[in-house]
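Reader: I am new to reading structures. Please take me through one part closely, and then show me what else is there.

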Amino acid sequence: MGAFGHYLAAHLDTLKSEFWALFVGGVANGLLYGMIAVGYTLVYGVLRLINFAHSEIFMSGGFAGYFVLRYFVGSGAPPAGMSSVGLIILGVLVGGLVGAIVATVLERVAYRPLRRRNAPKLAYLISAIGASYFLFNLAGKEFGHLAYSTPQPYINHPVFHIFGAPVQMYFVIIFLVGLVMFASLDRIISKTRLGRGIRAVAQDAETASLMGVNIDRTIAITFIVGGTLGGAAGFLFGLNFGVVYTMGFVPALKAFTAAVLGGIGNLRGAMIGGLILGIFESLSLVFVQAAYIDVVAFGILVTVLLVRPTGILGERLGRAA
Amino acid sequence: MSDMIFNVEHVTLRFGGVISLNDVSLHQDRGEILAVIGPNGAGKTSLFNSLTGVYQPQEGTITFVGKNGKPLSIIGRKAYRMANAGVARTFQASRMFSAMTTFENVKIGAESHRGIGVVGAMLRGPATRRDEKHSDARTIELLKFVGLTEKANAISASLSYGDRRRLEIARGLATDPQVLLLDEPAAGTNPSEKQALVKLIRRVRDEMGVTILLIEHDMKLVMALAERIYVLNFGSVIAEGSPDEVRANPVVVEAYLGTSTEEAESK
Amino acid sequence: MRVWLTKAIVRRLLITQSIVAVIELMTGPAGSNSQPVYGFSHSFGESSSFFGLFRTQRWVTFFFVGLICWGVASFWISQGSRVRKSVHDALAFPRAATQKRPVRWGAMAVLLGFAIILPHVETAPFWQAAMVEQIAVYVLLAIGLNVVVGFAGLLDLGYVAFYAIGAYTTAWVTGALPTPALFHHALNPFFAIPVAIAIVMIAGIILGAPTLRLRGDYLAIVTLGFGEIITIFANNLYGITGGSLGSNQIPHPSIHLGPIKYIWGLAPVPYYYLALGFVVLFIIIFSLLERSRVGRAWTAIREDEVAAESVGINPLKYKVMAFAIGAASAGFAGVLTASQLIFIFPASFTLQFSINILVLVILGGMGSIAGVVFGAILIQTVTEFLFHSPPSGYQPQDLYIYLGALLVAMMIFRPSGLIPSKRRQREIRLSEAEHEGHLDEVLTGDDT
Ligand SMILES: Nc1ncnc2c1ncn2[C@@H]1O[C@H](COP(=O)(O)OP(=O)(O)OP(=O)(O)O)[C@@H](O)[C@H]1O
Ligand SMILES: [Mg+2]
């Protein structure tokens, strides 16, 4: 024992007493990371590249959702009951829609011309970084450089308790939306024609194209699906943390970590990776100051990339989901 | 014990469920021209990759005896270390530095296996300059040896298939190897180029004293060159012997008939 | 007859008009938190004068500009594709490799002479300060990042970290940080130069050795994170870095070596000459390096890593080397900035910064030293111009929007930059040609 022993003992006590509260917060964050991570994983699956501008899809979903709430709720008192539910559904839909639109434009402008030319990988990365930089700075110009706090479409009260830890309305919403999104995504990818196309391209684009899959269309759809989830996640994130033009950077870096953790290219891996990262990060709040939480996530990223770059479930969109 | 250069014992290499090499044992003597044949997917390239440190087999041992006669265990060694130890190779689908000239391709081979000397390179000291001169001279010599002098300043992407093969051979030789591994050197070449290739490979062994390990589908070329042959099928060695023995071996004939002899020979 | 109204032409019209709309947004007035849609509505609706000729709403002006661009583009495109030609160019015999590359001593001497007299020609304090803080420093950073991105082909998005380490090292060895100085006697910044360069190079090795094993895209994201982490540490480790306020106690450099005595003070011009000296030094070292076997090994790794390994090149070693060598000039730039401004704080070392440097390299031409120097001078001069006398509606932050758009545009239209490195250009063209099958066409000769 010694100083370190005391430190550990004290912190373990905190961990025990706070565990469930942190756990619930971690799961909520984790679901959001998972939703963003899906965008990375899908695009990686079909194009074998990391969509660096995904953070801006998330950001634009956040702003879209903000404007919906600003219009319908404004500075008035938060509504309750069915109108809350309606607003949240609307916010998710609009956030998702705008995310999908931005993703589509992005694919058209920053990726497709390069794909046509078979540009080297470095060119894709640079183009994507340029697009990301362009988008968030443009948002900064249009919406100002200060953060907006989002009007609340519901009253955030504890809905129920888990082992004595209160579960806020916000967490319930994220949980439900996340569940619906993941369930429908899983169905789309594994059961529909569209999903089969995506999986075929992911496994072997050339063969898929010979078998009559339209590559351009499949890639566009992949971006739309990833953009929808990313945009919706942006809305949900904005509900709690407000929106600002740089809001995409940190969550996207973490979502990317989640995608790698679960095995990039692997859908279920993205969800599981998101949850693991969210929970781990939340629990580590007991041991490190909040300012260093991003460092923890980054440490996980580097460790996973170095130790097991294929992630927990392994790469491969074709096999999973 | 004769003068062995490679000794492969019970090597097994897997990729997930696929077994590329299954308990393979073989050996090669110094100075020997040895061929490995077998149908498509038999594991020939995998064997080369295991010998050059590109793949790491899960089981077995591979020993390489370098210039100084000290045996070296290959498994676990990186590819560049094998190159530095004296194992040079060419690739099945030729891999050149395609935006460089023929000359530069070979020069990189000539200088890369020696120490780096960053500071010297930065300041361009006398030692560096001497080094460069030496590499240039060696490159010119090798280009002449393989008959590419005229194409020295051509961008290597503009070379014909035959010339690309010769470029790869020159680049491999530039690293001063003990043994040169050739993965289907005749693929994509025309009959006259093939004849020139047979001569060139012989000269590599006779004049430079470099041991040759060869993968080839073209039976005529194999029979003309090889002193001994191993036959691989589904990752296992199914036969070994002189060209005549192998040709007469019913097991080999069956392995090839199983996939169609014509196809294998036309490749 | 409506033959001319083909689908492609209509599509092109739509594309041109969309681009024009984006430019309208980029150049329009800004919104703010109290008026979040002001920027949008006024970018299109605000009335503006067209070179004083007539007044109309912005969208009308832009619409017609778009039409003109569309016409020009359509004409240009109808002149035929240039792909074949570029493949031919790529395959043409370059200068014989055994021949020495002509060094344009004359041109270089003229440029250097111009750089030397420049502070006596341009005497406005704003520009004299800009020459050091905004141009010389960025040139140093660009030629360093060029070693990593251009020579070794590694995308480093956390390059600012090395600049920050250089600056903080200066503060540290001069005793300007809360933590005790490195040596017993605090050094003056002039002698911090070698120390800072050594420390950033070591940092390059420490960061590079584990991460440079990663694939290119993973490396980019890891370096991005690393740049961010450095800022987090600088911001939060009060006891060591001085937290978000940083340090404002850094002395100016001076030399006292026997008869040589010199003190740099507040005036920017002496710093300019110090920087110029190091720029020349780094340019010489880096270009010698590029033409040495080290440079050739970098090229080999970039073009085909497997083949490079097969001739005995250890890719990791050379990549780490590129990282460390590229970091050196950033380290010096850090010393220069810290000792001239005498203060440093974490907010100046952001992600934005890394990307700005990347733009300079990409615009100039990755792998081309002349290109990146030109790119850096061009962009930084324009930036300072815009900062000094902004056109109406322009805010300094708008710059980043343009830089982002520039990156995308360069990748689409001119990936090898304004003054391309011949080799890089050939690599890009060949890889593109191979894909399209143009290479085989040209090689087999049926391209008439
Ligand atoms: N990197 C790899 N990952 C997965 N499987 C591999 C890999 N390399 C080789 N294999 C598998 O190992 C088996 C042997 O392949 P190999 O390339 O060694 O055959 P080969 O004898 O060289 O065939 P060919 O005559 O067509 O060149 C094949 O089934 C192949 O799919
Ligand atoms: Mg093979």
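Author: Start with the buried residues of H16(C): C:Ile369, C:Gly371, C:Val372, C:Val373, C:Gly375, C:Ala376, C:Ile379, C:Gln380, C:Thr383 and C:Glu384. Buried means under 20% relative accessible area; exposed means over 50%, and partly exposed lies in between (1.4 Å probe, protein chains only). Helices (H or I, at least four residues) and strands (E, at least two) are DSSP runs, numbered from the N terminus.

This is a predicted model: local features need pLDDT of at least 70, side-chain atom pairs count only at pLDDT 80 or more, and totals for chains, interfaces and linings use all residues. Residues are numbered from 1 along each chain as its sequence is written, chains are lettered from A and ligands numbered from 1 in the order in which they are written, and side-chain values use heavy atoms, with hydrogens and water left out.

Now the helix itself. H16 of chain C covers residues 369-388, which is 20 residues. From first C-alpha to last, H16(C) reaches 28 Å, close to the 28 Å expected at 1.5 Å a residue. The expected span is 1.5 Å times one less than the number of residues.

What covers its buried residues? The cover includes helices H6 (125-151), H11 (268-291), H15 (351-364) and H17 (398-413) of chain C. Contact here means heavy atoms within 4.5 Å.

Step back to the whole chain. Chain C has 19 helices and four strands. Of its 448 residues, 52% are buried. Take the contacts in chain C between residues at least 6 apart in sequence: 72% of them join residues at least 24 apart. The accessible surface of chain C comes to about 20,500 Å². Carbon and sulfur atoms hold 69% of that surface. Such areas come from the Shrake-Rupley method with a 1.4 Å probe; for residues, only the protein chains shown count as cover.

B:Asn105 sits in helix H3 (residues 102-112) of chain B. B:Asn105 counts as buried because its relative accessibility is 0%. Leaving aside neighbours within four places in sequence, B:Asn105 is in contact with B:Met96, B:Phe97, B:Met100, B:Ser156, B:Leu167 and B:Arg171.

Last, the ligand. An oxygen atom of ligand 1 is 2.8 Å from a polar backbone atom of B:Gly41. A polar side-chain atom of B:Ser46 lies 2.6 Å from an oxygen atom of ligand 1. Taken alone, ligand 1 exposes 630 Å², and the protein buries 65% of that.

Note on methods:
Polar contact = N/O pair within 3.5 Å; in protein donor to acceptor, adjacent residues only side chain to side chain.
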